[in-house]
Amino acid sequence: MFGIGIPELLIIAFIALIIFGPGKLPELGKALGNGVNELKKAFSKTTDPKNDNKKE
């Protein structure tokens, strides 16, 4: 995973907490999750032609 371990992730999370504050982090997490979901949908549509007939 790009050479990032648990200690590095904790440092990144701590810095994000300092920069954005505890009130803004849930919104950022939700936005990031939505972005990842959209990216997964886009990749599955382009790589799997069977998904054209499915409802979203």
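The following paragraphs lead through a predicted model of a protein, from its overall make-up to individual residues.

The protein has 56 residues, of which 4% count as buried. Its secondary structure consists of two helices and zero strands.

Helix α1 covers residues 6-20. It contains 15 residues, and the distance from its first C-alpha to its last is 21 Å, close to the 21 Å expected at 1.5 Å a residue. After α1 comes glycine 21, a residue with a positive phi near 85°.

Which element gives the most to the nonpolar patch? Helix α1 does, with seven residues. In an α-helix there are 3.6 residues a turn, so residues three or four places apart point the same way.

Alanine 13 has its place in helix α1. Its relative accessibility is 43%, and therefore alanine 13 counts as partly exposed. Along the chain, alanine 13 and leucine 25 are 12 residues apart, while their C-alpha atoms are separated by 9.7 Å.

Alanine 16 also lies in helix α1. Is alanine 16 buried or partly exposed? With a relative accessible area of 21%, alanine 16 is partly exposed, because a residue must be under 20% to count as buried. When its neighbours within four places in sequence are left aside, alanine 16 is in contact with Gly21 and Leu25. Gly21 is the residue with positive phi that follows α1, and Leu25 is the residue whose C-alpha was compared above with that of alanine 13.

The last topic is charge. Side chains of opposite charge can pair when their charged atoms come close. How many salt bridges does the structure hold? It holds one salt bridge. The partners are lysine 24 and glutamate 27, whose closest N and O atoms are 3.5 Å apart. Lysine 24 has 40% relative accessibility, so it counts as partly exposed.

Definitions and conventions. Residues are numbered from 1 along each chain as its sequence is written. This is a predicted model: local features need pLDDT of at least 70, side-chain atom pairs count only at pLDDT 80 or more; totals for chains, interfaces and linings use all residues. Side-chain values use heavy atoms; hydrogens and water are left out. Helices (H or I, at least four residues) and strands (E, at least two) are DSSP runs, numbered from the N terminus. The expected span of a helix is 1.5 Å times one less than its number of residues. Buried means under 20% relative accessible area, exposed over 50%, partly exposed in between (1.4 Å probe, protein chains only). Contact means heavy atoms within 4.5 Å. A salt bridge is a side-chain nitrogen of Lys or Arg within 4 Å of a carboxyl oxygen of Asp or Glu.
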